[in-house]
Amino acid sequence: NDRMFIFYCLMVILGFNLPPAYLSNTNLLIVHWLAPVSTPHLRSMESFISAVEQVEQSNPTLTPLALVRALRRIAGHDDPLTVHYLGASNRHPVLSATLDQAILNASSFSFFDKAVHHIVTDQGEERGVVLAPDGTTVALAPLLLGIEAGLRQEGGASGVAAFGVFPLTLGRSLGLSFLSLQDFSADLRLGPGGCWDSVEQPRVFRLSRTPTLATDALINGGMDGAILGTALGNLSRAAPPPPPTRLSATLRGYYGYVLSEDRGLEELRGHASAKRRQSSRSLLEPLDPERQVMETLVMVWKLEKTEWIALDDGVEVSVKEGLKAFTHMYWDCPPIISRCQWGAEVIRGTHSPLSPPLPYLYIHHTYQPSTPCLSFPACSRDMRAMQRFHQDERGWKDIGYSFVVGSDGYVYEGRGWHNRGAHTRDRNTVGYGVAIIGNYISTLPSRYSMDLLRHRLVQCAVDGGRLAVNYTLLGHRQVVNTSCPGDAFYSEISTWDRFGK
């Protein structure tokens, strides 16, 4: 009560040592209230991992499971569904209090609270999300819930998702989003993404439109949580058991991989954030997501007495339609880095709209930059350099290409699906122009980047009604006097489906 609160505050101010019994979560909040405000942390995955490392270094015997459970407690994620699968986060009160104090002392309690607790403000700011090194935005709550579920089931059957992984990472947010917006088209029941105030110094992330209950960041975090949780749950219990992996090491291995010309994504072994869509699909699709979402909704209805969930035939229809949209948006389509993420300048003038579906796809190489880009910072710099050249030297409104493919596992948005490009003279109204960064006169792009274009971007365009089903694929040189897309690359695309003579 208020009198006890004031008493505790006076005790701390006067320098009295409080007995251990007072180290409960409530009293830790008092200590936090009295503590000086720390410098705001960057909302990057690297900042979060560094804060986790601080806690681990100050507590050498700390297990990853105890740490993720403490982070859940700090963020207040003890809702009935989570407790059903993971148990209460304060099941060991003495240990919980000690660990909370360690987190408070080693780093800012406020930082962890704001970093993990997911909310969207009335102003459209999404909190509880961080910018990953690959340029994508990830919600930490579903990521950590998936990891905790996996750690609780370490040593499970190989390839089998840990108990509760799907409901906690994706099932609940997808199911509730499908139901809450039943009157909207299925694709509007998911997302959106948004923009950071700065990709170098990320602090504020604002959404591009009214949010659903399954924003892009929540879905990214859910896919990552399912992947890492399953991987941790499948760790062998063979004797002697391997030393426990630190949480920071798990996160750094997944988000902090480094590519090189000799070691591209196709050679990268193990899980990596750039492969989250393929990895999560191969893991979760065999589990029958429709059944999993329906079972999750039933569980939410029973545990939380959520009266607005009417489990009738309409729910099944909404879930089926919603999962079809989810599969298209997050599994069929490749991950696309938006203009605001790579730092595009505004268009100089106005866009001219296209009238899809378009009948042609024109393939380019950039020639300059001539070296394949292997990371989000490098690919973003290349995109900005090309935009400056197209705008300043050629006098165009904007970067000419519709999309650009990097060798980092991502497609970069140029003029996009809806706006006429400046990529193929006299053909810009009838086709999209897609380039792969690099000079491919004598060498080929990476197999991964070619597959990203050939299979995933093309299929996404056809299924989304942007590219005609009977489209024709052409190299730039076939309609313009140029060597683009390079001899080696042109020879390769001549073997692709729907290549036109």
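This is a predicted model: local features need pLDDT of at least 70, side-chain atom pairs count only at pLDDT 80 or more; totals for chains, interfaces and linings use all residues.
Now back up into the helix itself. Which residues of α13 are buried? That would be P289, Q292, V293, M294, T296, L297 and V300.

Next, the neighbour. Helix α9, residues 165-180, has an axis that comes within 8 Å of the α13 axis, and the two cross at roughly 85°. Angles of 65 to 115 degrees count as roughly perpendicular, so that is how α9 and α13 sit relative to each other. On the α9 side, the residues involved are F166, P167, G171, R172, G175, L176 and L179. They meet P289, Q292, V293, T296, L297, V300 and E304 of α13. Sorted by class, this contact has eight nonpolar residues, four polar ones and two charged ones.

Zooming out to the whole chain: we have 501 residues, and 51% of them count as buried. There are 18 helices and twelve strands. Take contacts between residues at least 6 apart in sequence, and 73% of those join residues at least 24 apart.

Last thing, confidence. The mean pLDDT is 86, and 83% of the residues reach 70 or more. Over residues 1-39, though, pLDDT is below 50, and that stretch has 28 contacts in the model beyond near neighbours in sequence.

How values were computed
Residues are numbered from 1 along each chain as its sequence is written. Side-chain values use heavy atoms; hydrogens and water are left out. Buried means under 20% relative accessible area, exposed over 50%, partly exposed in between (1.4 Å probe, protein chains only). Helices (H or I, at least four residues) and strands (E, at least two) are DSSP runs, numbered from the N terminus. Axes are lines fitted to C-alpha atoms, for helices over the stretch in contact, and angles run from 0 to 180 degrees between N-to-C directions. Angles under 35 degrees count as roughly parallel, over 145 as roughly antiparallel, 65 to 115 as roughly perpendicular and the rest as oblique. Contact means heavy atoms within 4.5 Å. Ala, Val, Leu, Ile, Met, Phe, Trp, Tyr, Cys and Pro count as nonpolar, Asp, Glu, Lys and Arg as charged, and the others, Gly among them, as polar. pLDDT is the predictor's confidence in each residue, from 0 to 100.
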